[in-house]
Amino acid sequence: MKKNSKNSLNIFPKKGNKPAKAYKAICSELALDGNVHLDLGSFSTTVMNSYADKLILEQIGKNFIDYGEYGQTKKIHDRIIAILSGLLNVPNRKSINGTSTLGSSEAIHLALLAHKWNWKKRRQSLNLNTSKPNIVYSGNAHVCWDKFALYFDVEPRKIPVSALHSYPLEEILNSIDENTICVGAIAGNTYTGSIDPIEELNSKLSEINSKNNWDIGIHVDAAISGFVLPFLKLHKSQWNFSLPLVRSINLSGHKFGLVYPGIGWLIFRDAFFLPKDLIFSSHYLEKPIETFTLNYSKGASMILAQYFSILQHGISGYKKIIKNCCQIAQIIREKLSQSDYFEVVDEAILPIVVFKLKLNNSIDLNEFQLHLKARNWMLPVYDSPGNFEPEKLMRIVIKENFNRAMASHLCDDLINVYQNLNNYRL
Ligand SMILES: *Cc1c(COP(=O)(O)O)cnc(C)c1O
């Protein structure tokens, strides 16, 4: 972190300002930020509607943790857990458990902690050593998996991917052992949106478990797809609690759950998978409360906004929105593929388009990105993950507020910017 004590803005102001003046000062600085309507790289929701905004503003002062004072909010929260448990096919609707989180990262950390605890308790009951837990996941996982391993002292066995879409299933299975707390799988990875072969992982892992008398489960990272796959006709195989070894799933409410940041959800297969000793009881507030989260206080607004989105859209609304986003993504894929300049590399399942430049040594994707920025488009460029020569990729996330007219402008700009750069080189 940089120190810049010379800048007077970095010093707690001696005297205050009138609210209007403080507001204006901040707004004028923020005018330099990007435009949320053109943020096509981020998966997170940037625009909701005016009723959602009204609800959020009205409820913004509530601290979710104070269940005693805000019992109705807690009831709605638990109702969302029940609704999402159903959406993800939990086998027993009478024994559900889960929690809201700040996002999928917190949800993944909590889920993996529960797996670690279950592993440890089982080992202790068998009088086996518990000093060397490991977790096995693929090299294209989100950074929050690495964070978990580091923060919670678990050896990461991160298996490199050898091609853009491949899940290194064999290598993953070869890397597990009696100290593996859990195997990770991703339904919709951050780089290309591809979905791991979770059904196959489930059946192979099940054989290995029974052969060795192990009890290794799967955590599915459905940050991106948790609110997409259930609403698509074409499921790419089974991926949720319909598979017996899937014990926990995270989803980002603030991605295709259609809510602003930060809201995520962790759902367990069964209440039984959340060890009781990870739940804390505290008595500082009006009523004693039980918590299983990394932080304590948090705003209630986004939880209520999630319920608003569920209630407003229902299954048919989510289906319609997701279908529309997927269709727009497909239009963009086709236009880009026809142009001769771009190669689309995503698997065309989720409403995201990932592409690279066709071989052209003189144009670099980072330079291309800068020129697009001059047209106000915000598109990320990143290296492909894996143990092959990295390729630069660009991603477009089609969100609810992005329409066909905008898609057409975007494609025109992508093509024009490319052509201009190319002409300039010749
Ligand atoms: C976004 C993302 C995460 C992290 O989610 P946050 O909600 O931003 O914390 C984890 N896994 C995948 C696959 C993601 O795309």
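Predicted model: local features only at pLDDT ≥ 70, side-chain atom pairs only at ≥ 80, totals over all residues.
**View 1. Helix H3 against helix H8.** H3 covers residues 71-87, and its axis comes within 10 Å of the H8 axis, with a crossing angle of roughly 50°. That makes the two helices oblique to each other, because an angle has to be under 35 degrees to count as roughly parallel, and 65 to 115 to count as roughly perpendicular.

**View 2. Helix H2 packed on helix H8.** Here we're looking at H2 (residues 50-58) and H8 (residues 301-338), whose axes sit 9 Å apart. How do they run relative to each other, roughly parallel or roughly antiparallel? The packing angle is about 150°, and anything over 145 degrees counts as roughly antiparallel, so that's what H2 and H8 are. As for handedness, H2 passes H8 in a right-handed crossing.

**View 3. Helix H8 again, this time with helix H10.** H10 takes in residues 404-425, and its axis and that of H8 come within 10 Å, crossing at roughly 25°. H8 is therefore roughly parallel to H10. The crossing of H8 past H10 is right-handed.

View 4. A total of 15 residues surround the ligand, and the closest are Ser104, Ser105, Asp221, His254 and Lys255. Sorted by class, that shell has 8 polar, 5 nonpolar and 2 charged residues. Which helix gives the largest share of the shell? It's H4, spanning residues 104-125, with 3 residues.

**View 5. Polar atoms up against the ligand.** Serine 105 places a polar side-chain atom 2.7 Å from a ligand oxygen. Threonine 190 has a side-chain N or O atom 3.1 Å from an oxygen atom of the ligand. With aspartate 221, the ligand atom is a nitrogen, 2.6 Å from an N or O atom of the side chain. How much of the ligand does the protein bury? On its own the ligand would expose 380 Å², and 87% of that is buried by the protein.

**View 6. A cis peptide bond at glycine 262.** Proline 261 and glycine 262 are joined by a cis peptide bond, with omega at about 0°. Where does glycine 262 lie? Look in the loop that connects strand S6 (246-252) with strand S7 (264-268).

**View 7. Aspartate 153 and its positive phi.** Aspartate 153 isn't a glycine, yet its phi is positive, at about 55°. You'll find aspartate 153 in the loop between helix H5 (143-151) and strand S3 (155-159).

How values were computed: Residues numbered from 1 in each chain as written. Heavy atoms only, no water. Near = heavy atom within 4 Å. Polar contact = N/O pair within 3.5 Å; in protein donor to acceptor, adjacent residues only side chain to side chain. Areas by Shrake-Rupley, 256 points an atom, 1.4 Å probe, with all protein chains shown as cover. Helix = DSSP H or I, 4+ residues; strand = E, 2+ residues; numbered from the N terminus. Nonpolar A, V, L, I, M, F, W, Y, C, P; charged D, E, K, R; others polar. Axes fitted to C-alpha atoms, helices over the stretch in contact; angles between N-to-C directions. Left-handed = near helix turned anticlockwise from the far one by under 90°.
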